[in-house]
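Dear colleague,

Please find below the structure that I am handing over to you.

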Amino acid sequence: MAWIQDFLHERSQVTRVGGSYSKAVYLNNGVVQRSCLGPLLFLVYTNDVTGILPDGCVCKLYADDIKLYSTMKLLIIMITSRVALISCAWQLSISYKKCSFMVVSKSKNDKQPCFHLGGNMISQQDTVKDLGIHVDNQLPFINRVNQIVAKAHVRSRLIHRCFLSKDRSALVKAYVTYVRPLLEYETCIWSPYQSENICKVESVQRRFTKRLSGLKAKLHYAAVTAAVTTRHDLSATSP
């Protein structure tokens, strides 16, 4: 461990803007940024936070972000106080403006909970964005479905507009390559269970296949999928 100590001991950093340099500042905490060992040392430095959390708390760590889940209000208060204490001990300041909490419940309670982290009040949100996925407190993922469907419709129109060839097999390959991944990615999380949202997702393929030769009839989604697959296979095996 002596070489890691030597790597971190008495380091300094300088900021450059154009051809101007700031004064050197010595680093007495943290890890060296933009270094090969930086990410690994940061994980070693911060992963012990899971050891201070009480039973009944689920912790998710991703780089410098932490997400905590619990079902009891008193337990959440205990968790936030412990996180604030360890952040102070490790000299890692918490960005309180980026912190928020969300109550996931079917009941509509007028009395809203209030939580503090290190003496700072945490804001309550009805919808949060977690690694690109919009999650709301009712968990229907309506906003996420609308976002994905809108993006898929735009990409479908671009295929019809930009492809000079109107060959059905080529357009189907383009749809499978560029549009279908949008509708299938993260489905294990936001997979819709309401008929309204299911129809929105299925409308993307319905609208796309209506503009293909021989598939203009208003068929059921499963029938359209079977027709596209069958005709594509026949065209691929024909001499």
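Arg-144 is buried, with a relative accessible area of 10%. Please bear in mind throughout that this is a predicted model.

Salt bridges

The partner of Arg-144 is Glu-186: the two form a salt bridge in which the closest N and O atoms are 2.7 Å apart. Arg-144 belongs to helix H4 (residues 142-162), whereas Glu-186 sits in the loop between helix H6 (180-184) and helix H7 (187-190), so the pair ties together parts that are 42 residues apart in sequence. Glu-186 also counts as buried, at 13% relative accessibility. In general terms, side chains of opposite charge can pair when their charged atoms come close.

Glu-184 and Arg-180 meet through their side chains in a salt bridge, at 4.0 Å from N to O. Both residues lie in helix H6, four residues apart, which is about one turn of the helix. Glu-184 is partly exposed, with a relative accessible area of 46%, and Arg-180 is likewise partly exposed, at 29%.

A further salt bridge joins Glu-202 to Arg-206, with 3.3 Å between the closest N and O atoms. This pair lies within helix H8 (residues 195-210), again four residues apart, or about one turn. Arg-206 is partly exposed, with a relative accessible area of 24%. The spacing in these helical pairs recalls a general rule: an α-helix has 3.6 residues a turn, so residues three or four places apart point the same way.

Cysteines

How many disulfides does the structure hold? There are zero. For Cys-59, the closest cysteine sulfur is that of Cys-57, and the 6.2 Å between the two sulfur atoms is too far for a bond; the cut-off for a disulfide is 2.5 Å. Cys-59 is partly exposed, with a relative accessible area of 22%. Cys-199 also counts as partly exposed, at 43% relative accessibility.

Nonpolar residues

Which residues of helix H5 (residues 168-178) are buried? They are Leu-171, Val-172, Ala-174 and Tyr-175. These residues cover an arc of only 160° around the axis, which puts them on the same side of H5.

On the surface, Leu-61, Ile-66 and Leu-68 form a nonpolar patch, and together they have about 210 Å² of accessible area. Leu-68 has its place in strand E6 (residues 65-69) and counts as partly exposed, at 32% relative accessibility.

The chain as a whole

The protein chain has nine helices and twelve strands. Of its 239 residues, 25% count as buried. The accessible surface of the chain comes to about 17100 Å², and carbon and sulfur atoms account for 57% of that area. Among contacts in the chain with a separation of 6 or more, 45% are between residues 24 or more positions apart.

With kind regards

Definitions and conventions:
Residues are numbered from 1 along each chain as its sequence is written. This is a predicted model: local features need pLDDT of at least 70, side-chain atom pairs count only at pLDDT 80 or more; totals for chains, interfaces and linings use all residues. Side-chain values use heavy atoms; hydrogens and water are left out. Helices (H or I, at least four residues) and strands (E, at least two) are DSSP runs, numbered from the N terminus. Buried means under 20% relative accessible area, exposed over 50%, partly exposed in between (1.4 Å probe, protein chains only). Contact means heavy atoms within 4.5 Å. Accessible areas come from the Shrake-Rupley method with a 1.4 Å probe; for residues, only the protein chains shown count as cover. The arc is that of the directions from the helix axis to the C-beta atoms. Patches are made of residues with over 30% relative accessible area and no salt bridge: like charges are joined within 9 Å, nonpolar side chains (Val, Leu, Ile, Met, Phe, Trp, Tyr) within 5 Å.
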